[in-house]
Amino acid sequence: MRLTEFWRRMDERFGAGYAASLAADYRLPGVGATIDEALAAGVDAKEVWRAVCAEFDMPSQLR
């Protein structure tokens, strides 16, 4: 998954403003970091997206 696709999905699901705040501040147990930290550390965007989906109980069709 490209980063542009990741951010498009985040914006669609949470809204642009909240997606950015969530990425900066919310620590995802699935990756052990915030979204921004995980992406900066080189964690694959698809893995981060799956962690977001799991943490926020998104339906399987969104994963």
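This is a predicted model: local features need pLDDT of at least 70, side-chain atom pairs count only at pLDDT 80 or more; totals for chains, interfaces and linings use all residues.
Colleague: Which residues of helix H4 are buried?
Modeller: H4 spans residues 45-55. Buried here means under 20% relative accessible area. The residues of H4 that are buried are Ala45, Val48, Trp49, Ala51, Val52 and Cys53.

Colleague: What covers the buried residues of H4?
Modeller: The cover includes strand S1 (27-28). Helices also take part in it. Among them are H1 (3-14) and H3 (35-40).

Colleague: Where does the largest share of the largest nonpolar core come from?
Modeller: This core has 18 residues, and Val48, Trp49 and Val52 are among those with the most contacts inside it. The elements that give two or more residues to the core are H1, helix H2 (16-25), H3 and H4. The largest share, six residues, comes from H4.

Colleague: Which residues is phenylalanine 6 in contact with, leaving aside neighbours within four places in sequence?
Modeller: Phe6 is listed with Met10 and Phe14 among the core residues with the most contacts. Contact is taken as heavy atoms within 4.5 Å. On that basis the partners of phenylalanine 6 are Met1, Ile35, Leu39, Ala45, Val48 and Trp49.

Colleague: Which backbone nitrogen does a side-chain oxygen of aspartate 44 reach at the start of H4?
Modeller: The approach of this oxygen is to within 3.1 Å. The nitrogen belongs to lysine 46.

Colleague: What does valine 31 touch, not counting residues up to four places away in sequence?
Modeller: Valine 31 lies in the loop between S1 and strand S2 (33-34). Its contacts are Ala38, Val43, Glu47 and Ala51.

Conventions:
Residues are numbered from 1 along each chain as its sequence is written. Side-chain values use heavy atoms; hydrogens and water are left out. Buried means under 20% relative accessible area, exposed over 50%, partly exposed in between (1.4 Å probe, protein chains only). Helices (H or I, at least four residues) and strands (E, at least two) are DSSP runs, numbered from the N terminus. A polar contact is a pair of N or O atoms within 3.5 Å; within protein, one must be able to donate a hydrogen and the other to accept it, and residues adjacent in sequence count only if both atoms are side-chain atoms. A nonpolar core is a set of buried Ala, Val, Leu, Ile, Met, Phe, Trp, Tyr and Cys residues joined through side-chain atoms within 4.5 Å.
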